[in-house]
Amino acid sequence: MPNFIALKVRDMALPFKKGDIEFIEILNGRNVKMLLTRSFESIFFIIIKKSGDKFIIKGDKTTRPAKVAHLQKALEVFRDNFCNDIITQAFAFNPNSLIDAHSPIVGENEILEKISFANKSGIEILIEIGFGSGRHLLLEAENNKNALAIGIEVYKPATEQVAKLAVKRNLKNLFVLNSDARILFGLINSNSINKIFLHFPVPWDDAPHRRVVSGDFANECERILKKGGIFELRTDSKDYADFSKEIFEKLNGEIKTYKNRELAVISKYEDRWKKQNKDIYEVIFQNHKISAQNDEISDFCFENFNPLKISQNFKNETIKGDDFFAHFMEIFTSENVVYLKISLGAFDKPEICFVKISNEKTGYFLKFPLKTKQNFKAHKQINERLKIWLK
């Protein structure tokens, strides 16, 4: 995360604007301050933390903009206008990084909007899970310029590297997401996707329960695939191929299997396995089912709350359910407004969000939680706990 350390931070008269950068307001927390910042089209927080006789200035991870250059430029302006005696600096703003407005790295909500638009427009949608070096994903995007190509990868450096390659090749139909595909699949509308690729996942032959493919995963693939849509697994593990074939055979569709079939587009791993004379196995499932839509989750709305009373009664505490939790992490204040930093959702996929409480309205600030069942359960408990704090 870009940051710098200074010996002194001068007082600020806010709002402050310089060019495309605007510092809007300071939020006071128990241990840190947060500066609400607008940089070009991005809005996020900059953290100002006192550490001994020094100040650490850095971007907030929760609200970090997709374009790191927006954060870097804001830090540069803050440094030059409000700080003295810079000790260290771990960022270097490059003006050229602002030229191209297209950013291939997106969040879950943005990718859901793109999927919805593509479906309404009759655009084919391809998804690759765990794209690694991105060779197969990039070539699919190049060979299908009229399609929406989506890559999902849990390893963040791979996401950033493939995004750079997509920009370099001018692939404006390709978007990548640093997330768990199983979470995203639960949010996608039924009958939406044309092809799903899972190429050379970790086989976990000694621990099958850790595999991406499972009964629940296969059911979600069937649900989000259009009728006639394809799921394609390629693996060097015969055990994984047999395991996956057995699971997908239970669904409403057709299964085809291949061994050492030549493809025009192959991954880096396949190149490696072929040089080692390993066999490559394929399991291809074609969906024959039109699925019902998932039950709609209600909007994440709050009742109205008094910011002063919430501030007086705030507690750092955790609420736990069978499959969800909500943790009140921190409180920030600014005049007659309170911001709560809250971690919530499933135990294995938590999200961090801010809730803004003013005299006029209470609601999530900058981003909403994903519309998962666990997040909605947590949201309802957050609302109930805020009601208790009003008493």
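1. Helix H3 spans residues 135-143 in this predicted model. His136, Leu137, Leu138, Glu140 and Ala141 of this helix are buried. These buried residues pack against S8, S9, S10 and S11, and also against helix H4 (156-168).

2. His136 is buried, and its side chain makes a polar contact of 2.8 Å with the side chain of Glu128. Glu128 itself sits in strand S8. Why does Glu128 count as buried? Its relative accessibility is 3%, and buried means under 20%.

3. The UniProt record, an unreviewed entry, places the feature "binding site" at Glu128, Glu153 and Asp180. They are spread over 53 residues of sequence, yet they cluster in space. The largest C-alpha distance among them is 11.8 Å.

4. Asp180 has a setting of its own. This residue is found in the loop between S10 and helix H5 (181-185). Is Asp180 buried or partly exposed? Asp180 has a relative accessible area of 21%, so it counts as partly exposed. Leaving out residues up to four places away in sequence, Asp180 touches Ile152, Val154 and Lys349. A polar atom of its side chain lies 2.8 Å from the backbone nitrogen of Arg182.

5. Now the sheet. Seven strands form an open sheet with mixed pairing, in the order S10-S9-S8-S11-S12-S14-S13. Strand S10 (174-178) and strand S13 (253-259) are the edge strands, and each pairs on one side only. On average, neighbouring strands of this sheet are turned by 15° against each other, direction ignored.

6. Within the sheet, strand S8 (residues 125-129) and strand S11 (residues 193-199) run parallel. They are joined by 4 bridges. Ile129 stands opposite Leu198 in S11.

7. Which strands does helix H2 touch? H2 (residues 108-120) packs on the sheet and touches S8, strand S9 (148-153), S10, S11 and S12. Its direction makes about 155° with that of S9. Helix H7 packs on the sheet as well, touching S11, S12, S13 and strand S14 (281-287). The direction of H7 makes about 160° with that of S12.

8. The S12 to H7 connection carries another annotated residue. For "binding site", UniProt (unreviewed entry) lists Asp236. Asp236 lies in the loop between strand S12 (225-235) and helix H7 (238-248). Which side chain makes a polar contact with that of Asp236? The partner is Lys278, at 3.4 Å. Beyond residues up to four places away in sequence, Asp236 touches Phe200, Trp273, Lys278, Asp279, Ile280 and Tyr281.

9. Finally, the whole chain. The protein has 10 helices and 19 strands. Buried residues make up 47% of its 391 residues. Among contacts between residues at least 6 apart in sequence, 68% join residues at least 24 apart. The C-alpha trace spans about 70 × 50 × 45 Å along its principal axes.

Definitions and conventions: Residues numbered from 1 in each chain as written. Predicted model: local features only at pLDDT ≥ 70, side-chain atom pairs only at ≥ 80, totals over all residues. Heavy atoms only, no water. UniProt positions renumbered as here; feature names shortened; annotations may be inferred. Helix = DSSP H or I, 4+ residues; strand = E, 2+ residues; numbered from the N terminus. Contact = heavy atoms within 4.5 Å. Polar contact = N/O pair within 3.5 Å; in protein donor to acceptor, adjacent residues only side chain to side chain. Pairing = 2+ DSSP bridges. Axes fitted to C-alpha atoms, helices over the stretch in contact; angles between N-to-C directions. Buried < 20%, exposed > 50% of the residue type's maximum accessible area, 1.4 Å probe, protein only.
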